[in-house]
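Reader: Please show me the model. I would like to go through its packing with you.

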Amino acid sequence: MATSDTGSSTAAPSEQDNPNTEAQLPPLVMQIVVRRDLLDSEDWGVGPLMAQAAHATAAVLHETKDRPETQAYLDNLTHMRKVVLQTADRSSIERLHTLLASCTPPVPHHLWVEQPEDVPTCLALAPNRRESTVRKALDKAGCRLWKG
């Protein structure tokens, strides 16, 4: 126990009492993975691809709204972090979906499939702290930073 200048004793704050323990963790981030071939060879415009990213992001936030990580992410609007990644084609985005779903426990995400065309276009991961399972799945599916 420490004694303050006023002579009263003060206990060191416990982790449970410390509201800043969140700051000691890696920041929450969302990864948004877009199929690059839709822009490069399928003649989709940038605007429609941005709409796909918005659809997938809104969907995963809605589906995971009760998770503590999602609530913490949404409670801190000015410090939201997102990274936009690209993947080569349909098979690579479907592989990412399979890898994330097969993790134990499964990594929360949403694969947006544009209708009525039935074309998977974008995958958004729920807010996370870039755990090793997330990093490994993104690497195995060949995800890279989006190049403008």
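**Packing in the predicted model**

Author: Leaving out neighbours within four places in sequence, glutamine 52 is in contact (heavy atoms within 4.5 Å) with Trp44, Trp112, Glu114, Thr121 and Cys122. This is a predicted model: local features need pLDDT of at least 70, side-chain atom pairs count only at pLDDT 80 or more, and totals for chains, interfaces and linings use all residues. Residues are numbered from 1 along each chain as its sequence is written, and side-chain values use heavy atoms, without hydrogens and water.

Reader: Is glutamine 52 buried or exposed?

Author: Glutamine 52 lies in helix H2 (residues 46-63). Helices are DSSP runs (H or I, at least four residues), strands likewise (E, at least two), numbered from the N terminus. Buried means under 20% relative accessible area, exposed over 50%, partly exposed in between (1.4 Å probe, protein chains only). Glutamine 52 has 4% relative accessibility, so it counts as buried.

Reader: Which side chain makes a polar contact with the side chain of glutamate 69?

Author: Glutamate 69 is found in helix H3 (residues 68-74). A polar contact is a pair of N or O atoms within 3.5 Å; within protein, one must be able to donate a hydrogen and the other to accept it, and residues adjacent in sequence count only if both atoms are side-chain atoms. At 3.2 Å, the partner is arginine 67.
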